[in-house]
Amino acid sequence: MNVIGISGTPRLGGNSEILLRYALKPFEDKEWNIKIFLLSELTIKPCRACDNCRKNAICVIDDDMNSIYNAFKWCDAIIVSSPVYYRNISSQLLAVLDRHYAVDIERPLEGKVGGAIAIGRGTGRGQAITINAIYNWMLSRGIICVPGELNGVTAVADKPGDILTQIKRLKQSEILGRNVLSIAQKLFQ
Ligand SMILES: Cc1cc2nc3c(=O)[nH]c(=O)nc-3n(C[C@H](O)[C@H](O)[C@H](O)COP(=O)(O)O)c2cc1C
């Protein structure tokens with residue numbers, strides 16, 4: 001069984017990446033195959049709306065999104081994390097979500113299982129909108145959205161690594177991962 005994680009922060013070792021790694025721990029324990037996509041390391045350009053994909057079923061932009069397209073087909077479950085940027089997901093993550101457009105007809109994520117994580121520096125400063133943006137995208141792609149302890153995981157942290165002192169949030173990320181895993185097992189095993 002296969003799971004992918006997409007970390008939407010442009011900062012290597014950012015809080016979004018850390019919580020994503022905690023959410024993926026339960027999959028490690030069950031020896032799932034795991035692929036993590038760190039948007040801090042990848043170059044993914046925004047969709048140009050050229051609609052070439054509507055004719056040729058392939059995106060004309062040749063960049064790191066190619067490996068994510070393959071992973072969309074390969075995975076059984078997906079966990080996505082994002083920093084809050086102006087009350088929304090990061091532009092790096094939005095580029096990935098929009099680029100799904102090229103495979104809309106194929107619907108590679110339909111019936112798969114997903115969870116979401118959002119981190120901002122202020123309390124109530126857009127985490128709810130950010131997590132909803134991710135779950136909304138998932139629902140629009142036919143993904144079965146799974147909650148953590150409450151909704152997905154929302155957290156307050158600022159500098160990279162700050163989240164590591166918040167044991168409760170680390171545990172909540174693991175709970176989210178466990179819930180996604182358990183639904184995927186019920187559906188696919
Ligand atoms: C462009 C930009 C916009 C931001 N907007 C918000 C915001 O609206 N609300 C908030 O709580 N934090 C905001 N932040 C702070 C980040 O969400 C916060 O530092 C978070 O921990 C970053 O996650 P990361 O460590 O995964 O990069 C913003 C940061 C940047 C760079």
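A search of the whole structure finds one cavity of 30 Å³ or more. Here a cavity is a set of points, on a 1 Å grid over the protein atoms alone, where a 1.4 Å probe fits but cannot get out. The structure is a predicted model, in which local features need pLDDT of at least 70 and side-chain atom pairs count only at pLDDT 80 or more, while totals for chains, interfaces and linings use all residues. Residues are numbered from 1 along each chain as its sequence is written, and side-chain values use heavy atoms, with hydrogens and water left out.

The largest cavity has a volume of about 100 Å³; a volume is the space filled by probe spheres set on the grid points, which are joined across faces, edges and corners. Its lining consists of 15 residues, and Cys47, Arg48, Cys50, Cys53 and Cys59 lie nearest its centre. A lining residue has an atom within 4 Å of a point. By class, the lining of the largest cavity has ten nonpolar, one polar and four charged residues. In this sorting, Ala, Val, Leu, Ile, Met, Phe, Trp, Tyr, Cys and Pro count as nonpolar, Asp, Glu, Lys and Arg as charged, and the others, Gly among them, as polar.

Next come the pockets. A pocket is an open set of points with protein on both sides within 12 Å along at least five of seven lines. The second largest pocket has a volume of about 190 Å³. Among the residues that line it are Gln127, Ile131, Glu149, Arg169 and Gln172. Two or more residues of this lining come from each of α5 (127-140), β6 (153-156) and α6 (167-188). Strand β6 gives the most, with four residues. The lining of the second largest pocket divides into five nonpolar, five polar and two charged residues.

The largest pocket holds about 370 Å³ of space. Of the 18 residues that line it, Val84, Tyr85, Gly120, Arg121 and Asp158 lie nearest its centre. Six residues of this lining are nonpolar, seven polar and five charged.

What takes up the space of the largest pocket? The ligand does; a molecule sits in a pocket if more than half of its atoms lie within 2 Å of the pocket's grid points. The elements that give two or more residues to the shell around the ligand are α1 (15-29) and β4 (113-120). This shell has 17 residues, and the closest are Thr9, Arg11, Ser16, Val84 and Ala157.

An oxygen atom of the ligand lies 2.7 Å from a backbone N or O atom of valine 84. For tyrosine 86, a backbone N or O atom is 2.9 Å from a nitrogen atom of the ligand. A polar backbone atom of alanine 157 is 2.7 Å from an oxygen atom of the ligand.

Conventions:
Near = heavy atom within 4 Å. Polar contact = N/O pair within 3.5 Å; in protein donor to acceptor, adjacent residues only side chain to side chain.
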